[in-house]
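Dear colleague,

I am passing on a structure that I would like you to look through, and my notes follow it.

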Amino acid sequence: MKVFFPLASLSMALTAAFQPISLHSCGGAVGSRCGSGSVKSKHREYTRHTRPFAPLYSIFTDIESLATKAADTWGIESTLFMEPDIASQIEEQFQDRGDVIAFRVVGGRRRSLPVGSDDASPGEGRRSRFVLMHPDLGLDLATAESEYCTVIRVDNVNVAGSNTFPNALASIGVHLENVGDIVVEDSSTVYLVVDPTVAKQCLRLLSKELMGAGINLSVCEDNEFMPDGEMQEMKLSRILERQMERKKLEQGFVQFG
């Protein structure tokens, strides 16, 4: 099988993992209106394929395998969230592909960063994931984003007094590879993009790891624009980082780099 990704082009600073998600049936909207605190059923079944830690170079065959599977089966495959330097290199590799489409989605109706850029301007998102599919499947970018990115709004949180959101998410068992951007709009309002499969977990547990009176978490509708703000750095404390790495090993979670 031909691999389309030159090894020399990928930085050794890879921080994201890739994990196939097989889509068996399509469903409706991602979530309900902000303030409802509930997530509508997506009527889809995900199959997660995991395997032990692998050398860096195997990421190329993994991505190519996802692309080939999507093209051959007329299915939909997706990666986990990644930093812009890695996503830009992957996006370049798919530009001239005729057998598969790779939509780069960031969530919140924002644009992904231009190739080679690392700083987000208003209306742009940093962390992104790819949704791979056959060109004739008919799925557009907006639908791909709504199906694979859920935006959660957190109100009445004491941002200054709380743990960082990456640490809070890790404390409830959410791996950061399942999280896109975390945007602080003001001192009490935060937006975060997550994989739809962990949205309910966030709604149920995240407030317990934060400080604030009357903290409320809700899922934003697909037509709502995620506001601009300060993006929290996606780093864990050393203790939590070790704990999450241990859990990944125990669960057979895919991790590269």
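Where is the place of W74? W74 sits in the loop between helix α1 (58-73) and strand β3, where helices (H or I, at least four residues) and strands (E, at least two) are DSSP runs, numbered from the N terminus. Before going further, please keep in mind that this is a predicted model, in which local features need pLDDT of at least 70 and side-chain atom pairs count only at pLDDT 80 or more, while totals for chains, interfaces and linings use all residues. Residues are numbered from 1 along each chain as its sequence is written, and side-chain values use heavy atoms, with hydrogens and water left out.

Most residues other than glycine have a negative phi. W74, although not a glycine, has a positive phi of about 55°, and W74 is partly exposed, with a relative accessible area of 45% (partly exposed lies between buried, under 20%, and exposed, over 50%, with a 1.4 Å probe and protein chains only). R109, in the loop between β4 and β5 (111-112), likewise is not a glycine and has a positive phi of about 55°.

Turning to the sheets, three strands form an open sheet in the order β3-β7-β4, with antiparallel pairing (two strands pair if DSSP finds at least two bridges between them). Its edge strands are β3 (76-78) and β4 (101-105), each of which pairs on one side only. Five bridges join β4 to β7 (residues 129-133), and the bridge partner of I101 in β7 is M133. Helix α2 (residues 84-94) lies across β4 and β7, running at about 155° to β4, where axes are lines fitted to C-alpha atoms, for helices over the stretch in contact (heavy atoms within 4.5 Å), and angles run from 0 to 180 degrees between N-to-C directions.

Another open sheet has five strands in the order β11-β8-β10-β9-β12, and the pairing is antiparallel. Within this sheet, five bridges join β8 to β10, and V151 stands opposite V193 in β10.

The largest nonpolar core has 26 residues, of which I152, V154, F165, L169, L192 and L206 touch the most other members; such a core is a set of buried Ala, Val, Leu, Ile, Met, Phe, Trp, Tyr and Cys residues joined through side-chain atoms within 4.5 Å. A second, separate core of 16 residues includes M133, V151, Y191 and C220.

With best wishes
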